[in-house]
Structure formats: structure tokens, C-alpha cells
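Please look over the sequence and the model shown here before reading on. The report then goes through a few of the features one by one.

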Amino acid sequence: MKKRILIPIIAIGIFFTTVSFKSDFFEIAKQIEIFTTLFKELNMNYVDEVTPATLMDKAIKGMLEDLDPYTVYWNEQQVEDAKINNSGIYTGIGASAQNRKDKIIIVEPYKDYPADKAGLKAGDEIIKIGNINIADMEEDAGELLKGAPGSTVDVTYKRQGKTVTTTITRGAVELKAVPFYKLMNNDIGYIVLSQFNGRTTVETKAALVDLKSQGAKKIILDLRGNPGGLLNEAINVVNLFVDKGEVITTTKSVIEKYNQTYKTKFDPVDKEIPLVVLVNGRSASASEIVSGGLQDLDRAVIVGARSFGKGLVQRPKKLTYGTQLKVTISRYYTPSGRCIQALDYWHRDENGDPVRKDAKEYNAFKTKGGRTVYDGGGILPDVELKSAVYSPITTALLKDNAIFDYATKYYYSHQITDSKSFKFGEADFQDFLKFLKDNNFEYETETEKKFAEGLKISDDDDLGKDISASYNQLMAAIDSAKDKAIVEKKVEIESLLMDEILKRYFYREGLYNYQIEHNPEILEAVAVLNDEGRYKKILK
């Protein structure tokens, strides 16, 4: 007999209480009733057996897909994962991993944690957990790696064509918000801030105080690659460097209760120490609140490349059965009044893609000291560096895992014993280019997308045959231009290759120790801090 699923009518009443402030509540109730009856009839009458949970999951995703990508539905497990991310502490094997088809790829084993102790390396392909094959699982197989502290799990993985089985003893894992800090050049403190979780301010403050006790008279705060996190932690990090009572961000929404002004609440650790903040295209959300706030208050010089441009604020809303809706509730604005949101998800082009604000349309604002800054498209650094930019070709290489996979190949074919002497030479770069060709690396440019659309239209107009030869010539020319683009972006690609390779041999600590001596953005930050006149001139 087929399952008959009914949604309690009381759900409608509960929904009323949460949206009663809406003037269109009757229309909302009407649509809910339509959906409820449709869902019931579908489950009761469809010719084949259907799974109500799967249907509902798809319905929810369909409802949300035309909104911004940050408004999402979380099932019970995703809610727990979010709690872990915010706390920075969980029980597991101590490695970041990526789900690919029929396998789990170890992205980074954390030093001295269970996966590392068991001998797992970045690039290892887990194909079996216990007696369960990854290929046979529809759910997230990574959940099988979690468990109670001290419990064990057998893992079968492939490495360089060989199949290996090892036993991992699970343990407590702490993901530090500040994974590294160090005194440079006797008087410059360098702090890496990788995420904004519940311990971010505590760890950043501890690093700052320790560095000052060691003799630091200037500070570099590295937010490159930091995807953001908790809003209050971002406010409190800025508070370490500015007076109590400063406005750091305001949030604005059509819902009045979400219109908030966030000010610093505590006395600073040091409001005078010269400060440089590093950002790039992967610095987002809370990272942009910190860098934008410090820039608008003329408290820090920003160095690197334009940040990601996420000016939207989300809040989790509890649903039934332990699930949640993470919903965009407002936009945030920097102290000068800037909204740095790059993409407009509420206005889309003919392909359904969100519209990106044109640079010519950016509005000018003034910092506390009268400097001109602009909204839209992220935080623009005071000192821009090409080495920090992520061009389309570089982004495609990262998305395709080409840099990651080449680093795996490199690790098993080279011996490196000292990070300080490591060099990625011209022969290595040429080997990388060969690796791309051997593995058929391809990516589609916006130009190709537009030409393909044009060709499709020409077929509809019966012109396709006449222009196909010219189209093929154009595609060949674009392919040639793309090959040239990889070479032209050699500096930024090499930088990412070296970072990924160094992590394989020396973990993150070795990478950071290498970067403070060789990375162009860090070296530029040092140059700015060591030139007092230049530092003050930028902030004026």
C-alpha cells in the first residue's frame, strides 16, 4: 500500500504567528494551502511509489534557488555542522575533505591529528569506510568518519594507484581561528585570521598581546582567504584596534527589527599601533566588515586585491524536527555608508545570472578622515597588488582542482627537506602546463558562452551552416588566447602552486613561515609599515 502523507493544518497556524506582520498573510496562507493539498494528492495518487522527503527536499530547493545563494535550508546534520563550524571544536579524524564522484578526497590532514597520525596525505582517495563502499552511498559518506573520541574506523584509500587500508582513532579536533602568528623583523607582528568562529576575538587578542610583549610595534592582520562567519566576532576584532563606541556596521532591511547599528563595546588593546590588513578575492563577509570598518575609520592600510563582495547578513531560523532556514535578513553597511555587495540577486540578466554592478556605477563615500572610498564589488585595497588577484583562468584552475591535483603529483615525484630553499622554477611551470594538457583541462570563458548563444540563435534563424566555419575559427582563436592567458597569469598561478605544494611537505606552519619571507603581499605590507611617511600619507 502506498504511503499517505498529510501535513498538519496546525503548521499553517504556526506560520501565521511568524508572518503576521506581513500585509499579504492571506495570500501566503492561500499558497500554503494549495501546496499542502497538492503534496497530499501527489503522494496518494502518483502511479509509482514516491518518497515524500525527497519530493519535499526538491520543492524547498526549487523555492529558494531564485533567491540569493546564502538563503538555504539545513537538515539536522547540516545544523550540527554549522554549530561545529561556529565553535571550532568537533570529534573526528582531523582533516578537511572533498566529496567527489564515488570517493572522498583528503584535502588537508591537520598536523598531529588522527588522520595525520594514521598516515593519510592530501590527495588520498577514500573509497571505503568500514565495510561500506563510498560509491554505494547516496548520503554524505563523510558522516561515517565522525564518532566518539577514542573510537576507531577502518579506512580504505587509493594513493598513486595503490590501495591501502588503515585504522584511524578518532579524537577531539580544534580548528583555530588564528592558526599562526609570529614576530617578524624584530618589530612587526604577523597574525593569520582564517575564520570568524566563537573563539576568533579571544585568539586574535591573545596573539596581539603576545606579539606586543615580544616587541611588536606594528601589526599585519592577514584576512586573505577568510570566508567570514560570526558578525559579532568581526565587530569585536575591529574593537581590538579602535575606541569603544565606534560604529562598525549598520544593517538595513525591509523588516524594521533587523535594522541594527553595531558599535564597539570595549576598550581597545591598542588604538595607535600601525596596522596593515591583507585581503584578496576570497576574503568575504565578516572579513569585509573588519577590513571595511578599519579602512573607513582610517585605522589601517588595506593591501592586496579587491575582496569578494558579500554584503548580505544571514540569520538561522529554527524549523521543526531540528531543521533550520538560514535566511538573508538584511544588507550591512560600513561606517562610511558603503554596501559592498557585488552581485544583485534580485535583478538578473537574460541567462538568469545575477547582475554585477559596473565599476562606473560605484558611488563615492568619505572615510572618517575624508578619504574617498567606493561601494559595490567588495573592499578595494589602498594598495593593490596583481599577485593577490584571482583572474578567471586562475579561478577555473582552482575550481577544476588542477592546482590541487598537480601538487599531489609533484609531492610524489620530488624530495624537499627545507621550505626556505624551495623554488618553483620555469621547468616546473612548463611541467604544470603539460599536466593541464595531459589531463584535458578546459574552462569556458564568458566570450565563448556568448558566441555559443549566438550560434544557437543562428541555427534557429537557419544561418548556422553559413557561419559554422567562422565560428570554429573563432573558437580556435579563443583556445589559443586561453593558453596564452595561463602564461600571462604565471605569477598568481605559481603563487598558488607553491602554497599548495608547501603544505604537502611542511603543513600550514611551514607554508606561513615560507610566506613571511617570500609572499609579495606580506612583503608589501612590511614595506608600507617600515615607511612611516608612506603609511601616514595613505591614511590621509
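How many bridges join E4 to strand E5, and do the strands run parallel or antiparallel? Two bridges join strand E4 to strand E5 (residues 125-129), and the strands run antiparallel.

## Confidence in the model

This is a predicted model. The mean pLDDT of the protein chain is 88, and 90% of the residues reach 70 or more. Over residues 1-21, however, the pLDDT is below 50. In the model, this stretch has 26 contacts beyond near neighbours in sequence. Where pLDDT is low, the predicted coordinates should not be read in detail.

## Strand E4 and its partners

Strand E4 covers residues 103-109. Five of its seven residues are buried, so the strand is mostly covered. Strand E3 (residues 95-100) is joined to E4 by six bridges, and these two strands run antiparallel. E3 and E4 form a hairpin with two residues between the strands. In this hairpin, Asp102 takes a positive phi near 65°.

Gln98 has Ile105 in E4 as its bridge partner. Ile105 in turn has Glu125 in E5 as its bridge partner.

## Salt bridges between parts of the chain

Side chains of opposite charge can pair when their charged atoms come close. The whole structure contains 28 salt bridges. One of them is formed by Glu125 and Lys103, whose closest N and O atoms are 3.6 Å apart. Because Glu125 lies in strand E5 and Lys103 in strand E4, the pair ties together parts that are 22 residues apart in sequence. Glu125 has a relative accessibility of 25% and counts as partly exposed. Lys103, at 23% relative accessibility, also counts as partly exposed.

Glu246 and Lys368 form another salt bridge, with their closest N and O atoms 2.7 Å apart. Glu246 lies in the loop between helix H7 (231-239) and strand E13 (247-252), and Lys368 in the loop between strand E21 (364-366) and strand E22 (372-374), so this pair ties together parts that are 122 residues apart in sequence. Glu246 is buried, with a relative accessible area of 18%. Lys368 is exposed, with a relative accessible area of 59%.

## A salt bridge within a helix, and a network

Where in the chain do Glu500 and Arg504 lie? Both are in helix H14 (residues 490-518). Because they are four residues apart there, about one helical turn separates them. Glu500 and Arg504 are both buried. The charged end of Arg504 also sits over the ring of Phe404, 4.5 Å from the ring centre.

Salt bridges can also be linked to one another. Asp81, Glu143 and Lys146 are linked in a network of this kind.

## Aromatic rings

The structure has 16 aromatic pairs. Among them is the pair of Tyr70 and Tyr345, which is edge-to-face, with 6.3 Å from centre to centre and 90° between the planes. This pair links distant parts of the chain, 275 residues apart. Tyr70 is in the loop between helix H3 (52-64) and strand E1 (72-74), while Tyr345 is in strand E19 (residues 343-348). Tyr70 counts as buried at 16% relative accessibility. Tyr345 is buried with a relative accessible area of 8%.

Tyr70 takes part in a further arrangement. The charged end of Lys310 sits over the ring of Tyr70, 4.6 Å from the ring centre. Elsewhere, ring pairs link Tyr406, Tyr410, Phe422, Phe424, Phe429, Phe432, Phe435 and Tyr514 into a cluster.

Is Glu521 buried or exposed? Its relative accessibility is 4%, and because buried means under 20%, Glu521 counts as buried. Glu521 is in helix H15 (residues 520-530).

Leaving out residues up to four places away in sequence, Glu521 touches Arg224, Leu278, Val303, Leu385, Ser387 and Ala388. Glu521 and Asn280 are 241 residues apart in sequence, and their C-alpha atoms are 9.8 Å apart in space.

Methods
Residues are numbered from 1 along each chain as its sequence is written. This is a predicted model: local features need pLDDT of at least 70, side-chain atom pairs count only at pLDDT 80 or more; totals for chains, interfaces and linings use all residues. Side-chain values use heavy atoms; hydrogens and water are left out. pLDDT is the predictor's confidence in each residue, from 0 to 100. Contact means heavy atoms within 4.5 Å. Buried means under 20% relative accessible area, exposed over 50%, partly exposed in between (1.4 Å probe, protein chains only). Two strands pair if DSSP finds at least two bridges between them. A salt bridge is a side-chain nitrogen of Lys or Arg within 4 Å of a carboxyl oxygen of Asp or Glu. Rings of Phe, Tyr and Trp (its six-membered ring) pair if their centres lie within 6.5 Å; planes under 30 degrees apart count as stacked, over 60 as edge-to-face and the rest as tilted. A charge sits over a ring if NZ of Lys or CZ of Arg is within 6 Å of the ring centre and within 35 degrees of the ring normal.
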